[in-house]
Amino acid sequence: MANVTTYDAKDTTVVVDGVYITGLGEDMISGEKEEDFFEDSTGAQGDVVKSIINDTRGTVSIFIQPTSPQKAYLMSLAKRTEPFPLWAVNKKLGERIGGTKANLLTFPAFDRGATAEDMEFVFRVFDFTVEAA
């Protein structure tokens with residue numbers, strides 16, 4: 001018997017400093033760690049040294065439609081110098097990415113034409129984490 005499961009994008013919530021972000025774009029959210037967990041090297045005789053990389057930074061992109069009610073709020077985060085929490089959670093999948101210390105890297109590109117293009121807000125998360133059940 002085949003196992004059928006369901007994914008629903010509406011099960012994902014994005015919260016930036018306590019503000020729920022709505023009007024998410026097609027890609028919604030993406031995140032990745034800046035560096036690998038370790039780096040290894042091999043000596044001439046085959047011995048391996050594994051060096052731990054303690055860089056906890058990551059990058060999170062939030063994609064919104066230009067009509068999102070939180071667009072002005074996200075733009076205002078450029079003025080914030082103190083880090084703030086940023087989390088994306090999907091309880092049904094048991095996933096959570098983000099961290100407690102994030103800042104907006106730069107303003108999104110503005111593309112306007114015959115159709116509304118999504119806007120990408122890129123954040124640096126200084127204590128980036130990915131959790132999955």
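**Close-up 1. Glu-131 is partly exposed, with a relative accessible area of 35%, and takes part in a salt bridge with Arg-96.** The model shown here and in the other views is predicted. The nitrogen-to-oxygen distance between the side chains of Arg-96 and Glu-131 is 3.1 Å. Arg-96 belongs to strand β8 and Glu-131 to strand β10 (residues 129-132), so their pairing ties together parts of the chain that are 35 residues apart in sequence. Arg-96 has a relative accessibility of 31% and counts as partly exposed. Arg-96 also lies over the face of Trp-87, at 3.7 Å from the ring centre.

**Close-up 2. Lys-92 and Asp-11 form a salt bridge.** The closest N and O atoms of Lys-92 and Asp-11 are 3.9 Å apart. Lys-92 is exposed, at 66% relative accessibility. Asp-11 is partly exposed, at 23%. Side chains of opposite charge can pair when their charged atoms come close.

**Close-up 3. Arg-57 and Asp-55 meet through their side chains in a salt bridge.** The N to O distance for Arg-57 and Asp-55 is 2.7 Å. Arg-57 is partly exposed, with 31% relative accessibility. Asp-55 has a relative accessible area of 14% and counts as buried, because that value is under 20%. A search of the whole structure finds 5 salt bridges, and the pair of Arg-57 and Asp-55 is one of them.

**Close-up 4. Phe-84 and Phe-123 make up the 1 aromatic pair in the structure.** A pair of aromatic rings is described by the distance of the centres and the angle of the planes. The ring centres of Phe-84 and Phe-123 are 6.2 Å apart and the ring planes stand at 90°, so the arrangement is edge-to-face. Phe-84 sits in strand β7 and Phe-123 in strand β9, and the pair links distant parts of the chain, 39 residues apart. Both Phe-84 and Phe-123 are buried.

**Close-up 5. Phe-121 is a buried residue of strand β9 (residues 119-125).** The relative accessibility of Phe-121 is 0%. Leaving aside residues up to four places away in sequence, Phe-121 touches Val-60, Ser-61, Ile-62, Ile-64, Lys-71, Leu-74, Met-75, Leu-104 and Pro-108. One of these contacts, Ser-61, is 60 residues from Phe-121 in sequence. The C-alpha atoms of Phe-121 and Ser-61 are 5.5 Å apart in space.

**Close-up 6. Phe-37, Phe-38 and Ile-52 make a nonpolar surface patch.** The area of the patch is about 350 Å². Phe-38 lies in strand β4 (residues 38-42) and is partly exposed, with a relative accessible area of 39%. The charged end of Lys-50 sits over the ring of Phe-38, at 4.8 Å from the ring centre.

Technical notes:
Residues are numbered from 1 along each chain as its sequence is written. This is a predicted model: local features need pLDDT of at least 70, side-chain atom pairs count only at pLDDT 80 or more; totals for chains, interfaces and linings use all residues. Side-chain values use heavy atoms; hydrogens and water are left out. Patches are made of residues with over 30% relative accessible area and no salt bridge: like charges are joined within 9 Å, nonpolar side chains (Val, Leu, Ile, Met, Phe, Trp, Tyr) within 5 Å. Accessible areas come from the Shrake-Rupley method with a 1.4 Å probe; for residues, only the protein chains shown count as cover. A salt bridge is a side-chain nitrogen of Lys or Arg within 4 Å of a carboxyl oxygen of Asp or Glu. Helices (H or I, at least four residues) and strands (E, at least two) are DSSP runs, numbered from the N terminus. Buried means under 20% relative accessible area, exposed over 50%, partly exposed in between (1.4 Å probe, protein chains only). Contact means heavy atoms within 4.5 Å. Rings of Phe, Tyr and Trp (its six-membered ring) pair if their centres lie within 6.5 Å; planes under 30 degrees apart count as stacked, over 60 as edge-to-face and the rest as tilted. A charge sits over a ring if NZ of Lys or CZ of Arg is within 6 Å of the ring centre and within 35 degrees of the ring normal.
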